Amino acid sequence: MKSRLPVGYVVQIDGVDITLNLLDMHRGQLASHAQGVSTVTEVGSLLAIDAGSRLLVMKVLTLSFAEPKEAHRFGVASSAHQSEPLRHVSGAIVGRMVRNDGKLRFITDSLATPPLGAEAYPLTTDELSTIFGDKKSHAVPILLGEDMRGGGAVYVGLENLVSRHVAVLGSSGQGKSCFTAGVLQQVVRLPQARIVIFDINGEYESAFDSSTLPEGAVAVTHLGGTTANSYRIPYFALGRFGLHRLLIPSEKTQRPALSFALECLNRVKWFPTAGGAGLANDQVAVLFDDCRQQGAQQADQKIQALRANQAPLAAEWPPMEALSTLVAESHGLAPFSRGGQQGVERNAFNYSNISPLITRIHRFVEDPMFKDVVDVVGGPGCGGDLNWTKESSALVEKIFGGEQVNWRVHIINLRRVSHDLTPFVLGSLLELYAYELFRRGQDHKIPTMLVLEEAHHYLRPIGSGDEAAENALAYERLAKEGRKFGLALWLSTQRPSEISPTVLSQCNNWVSFRLTSESDLAAIQTASEWADRREVKRIAGLARQSAIIFGGSLSMPTLIRAPNINPKPRSEDAAFDKWALS
C-alpha cells in the first residue's frame, strides 16, 4: 500500500456494516495513485482496508454526511471540532486479497472485520480484475461484459457459469437476447459444443454467422409449416408422458382412462367413414366416443380383449382422435341389471366424468393452429412394431440430438406456435425430454445446454391446486435433477414472477437487466440465495444494456455493461422515426 495514500479510516463497526471517515484531502469520487485512478465514493465501488496481516475488500453501500461535532482526526491524538460535516462511507466486507506464489487471489469472506482506525485505500485495476475474474484464471473463459466500476472486462469460467443453470431477466428491449446471443457466440466456437435453443420469436438464426463456423455447425428446425426445414411433431412421438402433459387429465377418473387409451393405441385402427375405431384385425368400427347405446356389448368384448392383451398390434398408428374412443369406452362401459335383464351399457354418468377429456382431444384435433405444429393423422412412425419408447427416443434425437450430432447449436424456431398452445406443446416436449434424460441415467449423460427463451410462456403451472403441481413436474425435475444428467438450463424471461419458483430457485447464476414490477423483483429476492436486498432494489433503475450479475460463478454482485455483438438477433426496436420520411 506504500504506492497509494489512504482515503479514509474505520470509525464504526456495527455487525457486518463498516463505516469510514473520508479524509479532508479526499473530496471527489476518484483517487489517483501510482497505478492510475480508482473510483472511491460511488455506491458499488470497492476499497481495500489494511487490517494488519490481512487486506480486506469492502463494497461501498451508502454515502452520508455526519454533522460537525467532536470527532477523531486522522494523525491527531486528541479530538477537535470541524467546521463542516464529516463525510461517511458505509459498506460491508466482501472478501480478502491474498498472494500465493507471487499470484494475487481474491477469497470471498463476509465474516472478517477490520480493527477500528484501519486505513482504507483505493484498489488498482489489476486488483479489481482479480476480484471480478480475469481471462487467464479460467480454463474456458466467457466474457460477460465490462465492469461499470472500473474493474475492466468481467470473465467467468464456462463450467461455473452454466453447470448449475442461469437465469437472464429483464424487461423487453433491455438487452436479454443480445446478452444471451453474445455468450452463445463464444460457446459455439468450442468444437464439442451442444446447444439447443427454444426460440419463441424466431430471432436467433441471424445471430450466428455460419460462414465463420464449420459446415453444419448451426442447424435450424422450424416447428410447424411446410418449408424445407420445417417439422411437424407426430402426436404419437410425444409418448405417454408428453400426451399426459398435453391433455392434462384429472387425477381420479380421466388419468386412468387416458393411460389405458395410450397403452392400447397401437392395437387399434381407425375407420374414418364410421368415425370410430376397432381392433387391428377388425373390419368395422365398434369403438365410439359419443356414448351411443347400440353395440355396447360388442364394444365391451373389444375392451376386454385389450385389457387381457389379446389384441394384435396394428400396422400403423391411428389418427389422434382414436384416443377419444378408447378413453370413452374404457370408462363409459358398465354392467347393468334391470327388470331381470343383465348386460353391458354405455353409462351416461360414467361418460360425464371423462367427457371433458374427450372434448380436449377433439379440440386439439380440430384446431388448425395445433395441426400446423403437431401431425394428428397418424402413420407408420419409425417403422417396425409400434412402440412408444422407440417413437419418443426418435423425437428426442430429432430435437435434442443423439449421442453424436453434426451441429453445435440447434435452433428450434417456434414462431408458428401460438402462445395459447405454447405451454402444452413445449411442456410436452420437456416432459418427454425429462423422461428420456432420466432413462439414460448418469452413466450415459450427454452434456447439453438448453436455452429457453421467453420461458414464462411455458415454465409455469397449468391449472390450480394439486393439478397445477402435477403438471409442473417435468420442468421442475429438469431444473432440480437435470444437472446430474448433463443438462444445463439457460432461462430468459421478462416475468420471473410467472415462472415456477422451484425452477428459479435452482438457478445458480443470475443476470438481471432492468425490471420494474414489484412482483418480479420479489420473485428474484425469494428465489436466489445470492440476491442482496439492496442490489435487487437497484435493478429497477438500470440503464439499457446494463445488468447486475450475481451467483456462484462471481465473487460478488457485479454491475456490468453487456458487450455489443455482431451479428445480432432480430430483436431490435421498430424504426418509428421513418414515419417522418416523405
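Predicted model: local features only at pLDDT ≥ 70, side-chain atom pairs only at ≥ 80, totals over all residues.
Q: Which strands pair with E1?
A: Strand E1 (residues 8-14) pairs in the antiparallel sense with strand E11 (residues 119-122) over two bridges, and with strand E2 (residues 17-22), also antiparallel, over six bridges. Strands (E, at least two residues) and helices (H or I, at least four) are DSSP runs numbered from the N terminus, and two strands pair if DSSP finds at least two bridges between them.

Q: What about the turn between E1 and E2?
A: The hairpin has two residues between its strands, and Gly-15 there takes a positive phi near 65°.

Q: Now the sheet of 12 strands: what is the order?
A: The sheet is open, with mixed pairing, and its order is E13-E12-E29-E28-E27-E14-E26-E25-E15-E24-E16-E17. Strand E13 (152-157) and strand E17 (230-231) stand at the edges with a single partner strand each, so one side of each has no neighbour in the sheet.

Q: Parallel or antiparallel for E14 and E27?
A: Strand E14 (residues 166-169) and strand E27 (residues 509-512) run parallel and are joined by four bridges. Leu-169 has Ser-512 in E27 as its bridge partner.

Q: On to helices. How do H10 and H11 pack?
A: Helix H10 (residues 388-400) packs against helix H11 (residues 422-440) at an angle of about 105°, with the axes 10 Å apart. Axes are lines fitted to C-alpha atoms, for helices over the stretch in contact, and angles run from 0 to 180 degrees between N-to-C directions. H10 is therefore roughly perpendicular to H11; angles of 65 to 115 degrees count as such, under 35 as roughly parallel, over 145 as roughly antiparallel and the rest as oblique.

Q: Which residues meet there?
A: From H10, Thr-389, Ser-392, Ser-393, Leu-395, Val-396 and Phe-400 meet Leu-429, Leu-432, Tyr-433, Tyr-435, Glu-436, Arg-439 and Arg-440 of H11, where contact means heavy atoms within 4.5 Å.

Q: Is H3 buried or exposed?
A: Helix H3 (residues 176-187) is mostly covered, with 10 of its 12 residues buried. Buried means under 20% relative accessible area, exposed over 50% and partly exposed in between (1.4 Å probe, protein chains only). Among the buried residues are Phe-179, Val-183 and Leu-184.

Q: And H1?
A: The buried residues of helix H1 (residues 125-132) are Glu-127, Leu-128, Ser-129, Ile-131 and Phe-132. Just after H1, Gly-133 takes a positive phi of about 100°.

Q: Last one: where is the cis peptide bond of Pro-567?
A: That bond joins Asn-566 and Pro-567, with omega about 5°. Pro-567 lies in the segment after strand E29 (558-561).

Note on methods: Residues numbered from 1 in each chain as written. Heavy atoms only, no water. Expected span 1.5 Å × (residues − 1).
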